[in-house]
Amino acid sequence: MKKVYEHSGIAAASTQDLLRELLVRLGEDPERDGLLRTPERMQKSLEYLTKGYNEDPDVILQRALFNVTYDEMVIVKDIEMFSLCEHHLLPFFGKVHVAYIPKGKVVGLSKIPRLVDIFARRLQVQERLTVQIAETIQNAIQPQGVGVVIEARHLCVMMRGVEKQHSSAVTSHMLGSFRASEKTREEFLALIRNGKNGSSF
Ligand SMILES: [Zn+2]
């Protein structure tokens, strides 16, 4: 990976040193008991939450393609999603709903949540996450159409006390028949709504 500060001393510092320095700049004493191992934990946690950079979604999907004659809508809804917003590195989280209508090929069902995780475990904005999930499925199996809807709440909005009314956001991306046919789109949206108990995610 390219180092931005190639020529300054920062590049030579370990990740934990950088995080320890960050604690100092925030006004903390990194030597006090509760914080001694915090840089180590932060590093592990940040690496885990961004491990999607080391995973190739196309490879995952290619290993789980099956030929079928089925051509009804396949829907995987209420997939739990946790990601980090790229503007504040604060979590946004919620539910992802994915549907597609096959044209000769389907993806193993367990791979859809896996795909969501790969893209969610990168620094994201909700809109791009939505598009990436839809387009990766489109490219992998060339279905008649794909629809992705994400409902999420953003801690960068909620915790900072700004625009509380916008703390939850819904994004969608429709391709192929989901874009062209209102009936298909409506069927998808009705299936998502179906079974909701009134409380939003
Ligand atoms: Zn943010």
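Three protein donors hold the zinc ion: Cys85 (SG), His88 (ND1) and Cys156 (SG), at 2.1 to 2.3 Å from it. Donors here are N, O and S atoms within 2.8 Å of the metal (3.2 Å for Na, K and Ca); water is not among the atoms, so sites may look incomplete. Cys85 lies in strand 2 and Cys156 in helix 6 (residues 155–158), so the pair ties together parts that are 71 residues apart in sequence. Along the chain, the donor spacing reads C-x2-H-x67-C. Helices (H or I, at least four residues) and strands (E, at least two) are DSSP runs, numbered from the N terminus.

This is a predicted model, in which local features need pLDDT of at least 70, side-chain atom pairs count only at pLDDT 80 or more, and totals for chains, interfaces and linings use all residues. Residues are numbered from 1 along each chain as its sequence is written, and side-chain values use heavy atoms, with hydrogens and water left out.

Buried means under 20% relative accessible area, exposed over 50%, and partly exposed in between (1.4 Å probe, protein chains only). The whole structure has zero disulfides, a disulfide being a pair of cysteine sulfur atoms within 2.5 Å.

Five strands form an open sheet in the order 5-2-3-6-7, with mixed pairing. Strand 5 (123–124) and strand 7 (168–176) stand at the edges, each with a single partner strand, so one side of each is left without a neighbour in the sheet. Two strands pair if DSSP finds at least two bridges between them. Strand 3 (residues 91–101) and strand 6 (residues 145–154) run antiparallel, joined by 10 bridges. Within strand 6, His154 stands opposite Phe92.

Gly176 is partly exposed, at 42% relative accessibility. Beyond its neighbours within four places in sequence, Gly176 contacts Gln144 and Gly145. Contact means heavy atoms within 4.5 Å. Gln144 is 32 residues away in sequence, yet its C-alpha is 5.9 Å from that of Gly176.

Helices come next. Helix 4 (residues 111–120) lies across strand 2 (74–85), strand 3 and strand 5, at about 20° to strand 2. Axes are lines fitted to C-alpha atoms, for helices over the stretch in contact, and angles run from 0 to 180 degrees between N-to-C directions. Helix 5 (residues 126–141) contains Thr136. Thr136 is buried, at 8% relative accessibility. Leaving out residues up to four places away in sequence, Thr136 touches Pro57, Asp58, Leu61, Leu115 and Phe119.

The largest nonpolar core has 30 residues, and Met81, Val96, Tyr100, Ile133 and Ile137 touch the most other members. Helix 5 gives the most to this core, with six residues. A nonpolar core is a set of buried Ala, Val, Leu, Ile, Met, Phe, Trp, Tyr and Cys residues joined through side-chain atoms within 4.5 Å.
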